[in-house]
Amino acid sequence: MANIVQFENVGLRYGVGEETLCDVSFTLRSGQFHFLTGASGAGKTSLLRLLYLSQRPSRGIIRLFGEDAVILPRDRLPGFRRRIGVVFQDFRLIPHLSAADNIALPLRVAGMAESDVARAVREMLNWIGLSERAAARPATLSGGEQQRVAIARAVIARPELLVADEPTGNVDPAMAERLLHLFHSLHRLGTTVVMATHDWHLIERVPGAHHLHLERGRLVDPDPHPPVASPAPASPPPIPARPDAKPSTIVRSGL
Amino acid sequence: MKRGGKTRATGAEARALDDGGGAHVMSWVIAIMLFLTLLAGAAGLATARAAGALDRQMAGRLTVQIVEGEAQRRDAAAAQVLGVLRAQPDVALATPVAQADLARMLQPWLGTDAEAAGLPVPALIDVDLTSDGSAAIARVRKAVMRASPAARVDAHATWLGPVGRLLDTAAWLAGAIILLMLVATMAVVMLAARAGLEAHRGTIEVIHMLGATDRQVARLFQRRIALDAGIGAVAGGILAGAAILLIAGQVGALDSELLGGMRLGLGDMAMLIALPFAFVVLAVGAARLAVLRQMRRML
Ligand SMILES: Nc1ncnc2c1ncn2[C@@H]1O[C@H](COP(=O)(O)OP(=O)(O)O)[C@@H](O)[C@H]1O
Ligand SMILES: [Mg+2]
């Protein structure tokens with residue numbers, strides 16, 4: 001398995017003051033499912049932004065798809081971004097576009113022929129169970145529906161790397177479960193997934209998933225007993241892992 | 001990229017920018033600016049034409065007047081002066097103005113039969129010179145004076161000169177106004193594009209993060225601006241065209257020799273018709289510049 005992402009001693013500082021991310025080193029292998037946990041303000045979003053090239057680090061090395069992402073010239077960034085799907089923490093759906101047009105955006109940006117776009121969007125709407133709401137504007141969709149549209153948009157172009165920032169943050173547990181299923185089925189199709197969450201129960205639901213844990217901007221070993229150990233009553237059975245999934249090993253370097 | 005996909009795609013993306021504020025302001029601004037520019041342009045070109053016509057009329061032309069109360073002596077002097085003029089190498093053409101024409105011209109002032117009333121009517125000779133230099137005028141004047149002391153030489157350039165200079169100035173001023181309008185329009189368009197960029201920041205960030213290139217984003221704005229500017233250009237163009245036709249009709253009805261030169265040639269028309277297109281192209285170019293500049297500040 002090739003390394004799809006490699007961070008080495010990455011630091012990120014917004015303006016002056018303390019580093020938001022400090023000496024972050026880890027490796028993501030192609031085709032794996034990764035959870036990123038940490039308290040609010042620990043730097044999850046910041047780390048993901050480095051990953052989806054919305055921010056450059058202050059120091060350190062980031063290798064993405066085998067290339068040095070830090071010194072990547074600006075005009076090559078779009079090509080890299082098209083290989084990464086992002087589910088933003090706040091969805092960022094375009095308010096004036098219908099659900100279908102929002103989902104179609106990555107394909108249109110990539111210049112796909114319109115007939116192919118239509119077919120792909122139809123399939124995707126079907127997959128997220130929103131075929132009837134294809135023409136609806138985001139504002140008329142429920143939170144969970146918006147989230148599914150955001151996820152559909154992130155995955156429609158079959159990205160090699162899928163980055164999701166707390167995609168289950170604002171939905172009820174049943175919806176969180178459904179969304180996790182969506183991600184997991186993508187993962188089974190070969191996509192590398194990085195999902196930020198502070199819902200530790202979700203982690204247990206994906207056997208074989210890898211786990212990165214941030215504490216005040218530093219990666220630390222995840223506590224096997226989460227601090228918010230509310231006993232999950234009658235927790236549903238784990239989602240079956242990929243047939244080829246190996247026992248969990250946190251692939252990390254420089255720690 | 002497949003052609004079909006690309007065109008439809010940009011159209012679909014462009015809808016993302018539809019709801020932006022200030023879109024129609026652009027149409028208004030272009031319409032008003034274009035209207036004013038076209039009027040200034042038409043006025044400038046027509047004035048330049050009039051100045052040119054006047055120049056051609058004035059240059060190397062003079063009128064010789066023989067002021068003599070007694071008709072027979074007057075006609076004799078006129079005939080003598082005419083002979084002298086025609087002998088001059090500086091003179092290309094010397095044409096006596098028929099007394100009948102003169103009487104008709106003077107009729108409003110002197111009544112139907114000035115001659116009979118004993119009022120002195122001068123004899124006039126129109127002279128075209130071979131060159132329009134003042135030396136030639138001086139030579140002709142000297143020869144004429146020698147031939148008859150009753151003769152007076154008026155070079156047209158002397159009395160129409162200030163009018164010609166005024167027309168020249170007006171034409172230059174119109175040109176300057178057009179240039180200023182273009183600069184102002186570009187500035188407004190750039191401001192509007194930047195405001196639009198600001199209004200759509202969220203949308204653009206998303207499209208940008210989905211891997212759109214700067215050019216793709218710029219194209220979204222270009223389409224919008226081209227559409228808005230196009231609407232403005234059509235509106236402004238039609239209004240200005242109507243105004244120009246109206247004024248042209250009224251000038252034509254004046255039957256004035258001075259304003260008669262205010263005619264737009266085919267080249268002038270072509271220039272005016274090109275202006276709306278120039279406005280749209282300029283607007284799109286300015287918008288592209290503003291967007292690309294702003295985009296380069298993003299990672
Ligand atoms: N654009 C920014 N400018 C300045 N500070 C920021 C910015 N984004 C995040 N931060 C700060 O960085 C820290 C980590 O934020 P974030 O990465 O959003 O954490 P998380 O996603 O884990 O809640 C916070 O203290 C936050 O205030
Ligand atoms: Mg966050």
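Student: Over residues 25-48 of chain B, what percentage of the chain is helix, and how far apart are the end C-alpha atoms?

Tutor: Residues 25-48 of chain B are 100% helix and 0% strand, with 34 Å between the end C-alpha atoms; helices (H or I, at least four residues) and strands (E, at least two) are DSSP runs, numbered from the N terminus. This is a predicted model, in which local features need pLDDT of at least 70 and side-chain atom pairs count only at pLDDT 80 or more, while totals for chains, interfaces and linings use all residues. Residues are numbered from 1 along each chain as its sequence is written, chains are lettered from A and ligands numbered from 1 in the order in which they are written, and side-chain values use heavy atoms, hydrogens and water being left out.

Student: How do α8(B) and α10(B) pack?

Tutor: Two packed helices are described by the angle between their axes and the distance between the axes. Here, helix α8 (residues 214-254) and helix α10 (residues 266-295) of chain B pack at about 155 degrees with axes 8 Å apart, and are therefore roughly antiparallel. Axes are lines fitted to C-alpha atoms, for helices over the stretch in contact, and angles run from 0 to 180 degrees between N-to-C directions; over 145 degrees counts as roughly antiparallel.

Student: Which residues of α8(B) and α10(B) meet?

Tutor: Contact means heavy atoms within 4.5 Å, and the α8(B) residues include F221(B), I225(B) and A229(B), while those of α10(B) include P276(B), V280(B) and V284(B). The residues of this contact divide into 17 nonpolar, two polar and three charged, where Ala, Val, Leu, Ile, Met, Phe, Trp, Tyr, Cys and Pro count as nonpolar, Asp, Glu, Lys and Arg as charged, and the others, Gly among them, as polar.

Student: Why is α1(A) described as largely enclosed?

Tutor: Six of the eight residues of helix α1 (residues 44-51) of chain A are buried, so the rest of the structure largely encloses the helix; buried means under 20% relative accessible area (1.4 Å probe, protein chains only). The buried residues are K44(A), S46(A), L47(A), L48(A), L50(A) and L51(A), and just after α1(A), L53(A) takes a positive phi of about 60 degrees.

Student: Is W200(A) buried or exposed?

Tutor: W200(A), in helix α7 (residues 200-205) of chain A, counts as buried at 13% relative accessibility.

Notes: Parallel < 35°, antiparallel > 145°, perpendicular 65-115°, else oblique. Buried < 20%, exposed > 50% of the residue type's maximum accessible area, 1.4 Å probe, protein only.
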